[in-house]
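The following note sets out numbered points for a colleague reviewing the structure shown here.

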Number of protein chains: 2
Amino acid sequence: VAPSLAECEAHDAADPLAEFRDRFALPEGIIYLDGNSLGALPRATAGHLTRVVEAEWGTGLVRSWNEAEWIDAPRRVGAKIARLIGADSDEVLVADSTSVNLYKLLRAALSADPARHTILTEPGNFPTDLYIAKGIAADDPGVRVHTVPREALVDAAGPGTVVLLTHVHYRTGERFDMAAVNSVVRGRGGIVVWDLSHSVGAVDLDLAAARTELAVGSGYKYLNGGPGAPAFVYVARDLQARLRSPLTGWLSHAQPFAFSDDYVPAPGLDRFQCGTPPILSLAALECGVDLYLEADMALVAAKGQALCDLFLERVERLCTGLELVTPRDPQARGSHISFRHPHAYAVMQALIARGVIGDFREPEVIRFGFAPLYNSFTDAWRAAEVLAEVLASRAWDDSAFQVRSRVT
Amino acid sequence: VAPSLAECEAHDAADPLAEFRDRFALPEGIIYLDGNSLGALPRATAGHLTRVVEAEWGTGLVRSWNEAEWIDAPRRVGAKIARLIGADSDEVLVADSTSVNLYKLLRAALSADPARHTILTEPGNFPTDLYIAKGIAADDPGVRVHTVPREALVDAAGPGTVVLLTHVHYRTGERFDMAAVNSVVRGRGGIVVWDLSHSVGAVDLDLAAARTELAVGSGYKYLNGGPGAPAFVYVARDLQARLRSPLTGWLSHAQPFAFSDDYVPAPGLDRFQCGTPPILSLAALECGVDLYLEADMALVAAKGQALCDLFLERVERLCTGLELVTPRDPQARGSHISFRHPHAYAVMQALIARGVIGDFREPEVIRFGFAPLYNSFTDAWRAAEVLAEVLASRAWDDSAFQVRSRVT
């Protein structure tokens, strides 16, 4: 039996993470279940950004590269993210976008071993992962992209393989067993690049324990770093000196301010920096990450699972016509729940009109993300209620909900 | 005879661009001559950024990709920059960093013609330009980087050549004749990639008239976009459909929100987008670019030349021990003036201690940038005065000015 509203309120009252909800500037009357696409705004961000803009840029001017430690921001924020994912502080760096970082790691992994010639991934992986891989193959006749359904994927790995996987699937929410995949692929002589975009800040991650070698992740989803926030790159320490980034911008140099004509890569992870770091975006990302440093990540992951469980139970009790896409087993999924519905686009538009913001993904999928730092049990309860109303009212018959916007 | 302070004040009073100075939040008591490294803060930026953060991100949340037109920002701000450089609105896009954009264009130019195998550039080019080129050659045995001093450079171009040049040299201030170089290189069957980082917002640029094919530029120097602001990429319209970016992230796709597994590049310049655009940094850049849209670019360029002329005349009248590095001919230089001095680092530290901020560049160079929108003729006059005091006092004997900071 799904819990009552009173029971949800009791859950919220007992939630050790409940205090974090007030640290976010969520609009009144909105149940925001799209933090897996764009995380909510931390209350601290606007003030911090104003200080960085007015005091550091406006008054400090170029001196702030030293005096406000701008030059350290990629490493400093990277070290903070490292604490959330079970990595060491010198194994994570903030730089560029997820797409650019995928390119760096895939090419670095391929060029490190002349026997490597195949990027192995699954059909339906997040588009940018597939497109970056395909772009590399289009540019280099020695590289091919091989897509294999996940059931058979690791068995297709071999000594020439760089496996590219998104840890939590953006659409279905399915989660790989990272340690198991790493182990099998390593045993077969391959190497894995993980995309943690839909995992970081939402599920338990221990990259050291899982013996993960390479990973990237987004700053603007559960990390709440703001629209288009810079991404991060993880390279296990033992691998750093053996890998060469293809994007050898000046901040990847061992001595960037010597202005030498000769290129010498930085000895450690800094070789995966490239151009001048985007300080304003980094400042916003740091506010998002700092909130997580106050939270117990085990509680964060457990709450995400509990919110998903509650929502799923209640939707299945109240709604008809939905096909569950996401695994029921919390260990086999991330922190979002997806359903297929023949009128998925219109259903989501009708939900948004009623103040429940999730999103639509091709084909015919509605998706609800649960951000443990700011979503509550009553959010999950009410969202299921509103979804049931939308379905019962056949909202898709309303033409207003059928007009597609460009970005969905 | 160099003008008097009274004459400088008269110049400022008659300056049609003088009103722009108040549009910047410059600190009291500072003469800022490093806008060629990091541009000053426009007064409008902090408020605009707060609105983007609080209203668009905080309240609009994920809906702002459509409703606040975030998704159009790379094209919208690119089209504005196009107006400053003599390009059409669909020929400029804001994306990534200068370094990443250099990589895109160099690889695109190389891969467009199998006969192209050489990146031709000059020794002493800005480090990131050299390093990106060398990184491409390190990854691809079919590509080599050939450096030739500028006197002999275009004569070394041929059908297999991609010429990579910084239009205004970051250290010496020397400026290439863009149209002449384009013409000679094209006549020899090569193609030129221009780095406009030290030109845009400071000197006359007419990419159409110069028949420029490919260019990149920085957003954080004269454009005043903020520390690490995103950069721009220019591709002449006729070339766009023939070039393939190596960085095929999802926003380079013809239909990014179709979430198809197959990669199809966008028909036009959007194929040089890559990952999700950094909206907060783009918002700050847009404030900087918007100020230029109110100015007459011919006046901007003329004022930059006049400021440099005045500073140079007065320094040569008052100072000894400096060796001019920058050409005297305004048509042969950008908007900064550099001198060599055996104690250059300490001289610049002493200037900064006295409120005149320029910068130091290896080896032994002090550099003074003149930003036409906010520097005045009295700034130039006073800076020369302070430089003369620093030199006369042998400030380099003071050990406090000899301690090197990491970033200079």
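1. Ser335(A) sits in the loop between β9 (323–324) and β10 (336–340) of chain A. In this predicted model, Ser335(A) counts as buried because its relative accessibility is 1%, where the cut-off for burial is under 20%. The side chain of Ser335(A) reaches the backbone oxygen of Phe370(A) at 2.7 Å. Phe370(A) also belongs to the set of residues in contact with Ser335(A) once neighbours within four places in sequence are left aside. That set includes Phe368(A), Gly369(A) and Pro372(A), as well as Ala202(A), Val203(A), Tyr222(A), Gly304(A) and Cys308(A).

2. Ser97(B) is placed in the loop between β2 and α5 (98–111) of chain B. With a relative accessibility of 9%, Ser97(B) counts as buried. Apart from neighbours within four places in sequence, Ser97(B) is in contact with Asp96(A) and Gly275(A) of chain A and with Ala231(B) of chain B.

3. Over all chains, the count comes to 47 salt bridges. One of them joins the side chains of Asp270(A) and Arg75(A), with an N to O distance of 2.8 Å. Asp270(A) lies in the loop between α9 (237–240) and α10 of chain A, and Arg75(A) lies in helix α4 (residues 73–85) of chain A, so the pair ties together parts that are 195 residues apart in sequence. Arg75(A) is partly exposed, its relative accessible area being 27%.

4. In chain B, the side chains of Arg21(B) and Asp379(B) meet in a salt bridge at 2.9 Å, N to O. This pair links distant parts of the chain, 358 residues apart: Arg21(B) is in the loop between α1 (5–14) and β1 (31–32), and Asp379(B) is in helix α13 (residues 377–392). Are these two partners buried or partly exposed? Arg21(B) is partly exposed, at a relative accessible area of 30%, whereas Asp379(B) counts as buried, at 5%.

5. A further salt bridge in chain B is formed by the side chains of Asp88(B) and Arg237(B), 2.8 Å from N to O. Asp88(B) is found in the loop between α4 (73–85) and β2 (92–94) of chain B, and Arg237(B) in helix α9 (residues 237–240), so this pair ties together parts 149 residues apart in sequence. Asp88(B) counts as partly exposed at 39% relative accessibility, and Arg237(B) counts as partly exposed at 38%. In chain A, salt bridges that share partners join Arg76(A), Lys80(A), Glu286(A) and Asp290(A) into one network.

6. The overall form of chain A can be stated briefly. Chain A has 13 helices and 13 strands. A compact globule of 408 residues would have a radius of gyration near 22 Å, and the value for chain A, 22 Å, agrees with this. Along the principal axes, the C-alpha atoms of chain A fill a box of roughly 70 × 55 × 40 Å. Of the 408 residues of chain A, 63% count as buried. Among contacts in chain A with a separation of 6 or more, residues 24 or more positions apart account for 72%.

7. The contact between the chains involves 86 residues of chain A and 86 residues of chain B. The area buried between chain A and chain B is about 7,300 Å², and carbon and sulfur atoms give 64% of this. Trp57(A), Tyr131(A) and Phe259(A) supply 12% of the area that chain A buries against chain B, more than any other three residues.

8. Between chain A and chain B the count is six salt bridges, and 29 residue pairs are in polar contact, both residues being at pLDDT 80 or more. Arg244(A) forms a salt bridge with Asp139(B), the closest N and O atoms being 2.4 Å apart. On the side of chain A that touches chain B, at least two residues each come from α2 (43–59), α3 (64–67), α5 (98–111), α6 (127–139) and α10 (279–293). The residues on this side of chain A divide into 45 nonpolar, 26 polar and 15 charged.

Notes: Residues are numbered from 1 along each chain as its sequence is written. Chains are lettered from A and ligands numbered from 1 in the order in which they are written. Side-chain values use heavy atoms; hydrogens and water are left out. Contact means heavy atoms within 4.5 Å. Buried area is the accessible area (1.4 Å probe) that two parts lose on being put together, summed over both. A salt bridge is a side-chain nitrogen of Lys or Arg within 4 Å of a carboxyl oxygen of Asp or Glu. A polar contact is a pair of N or O atoms within 3.5 Å; within protein, one must be able to donate a hydrogen and the other to accept it, and residues adjacent in sequence count only if both atoms are side-chain atoms. Helices (H or I, at least four residues) and strands (E, at least two) are DSSP runs, numbered from the N terminus. Ala, Val, Leu, Ile, Met, Phe, Trp, Tyr, Cys and Pro count as nonpolar, Asp, Glu, Lys and Arg as charged, and the others, Gly among them, as polar. The radius of gyration is taken over C-alpha atoms; the globule rule is 2.2 Å times the number of residues to the power 0.38. Buried means under 20% relative accessible area, exposed over 50%, partly exposed in between (1.4 Å probe, protein chains only).
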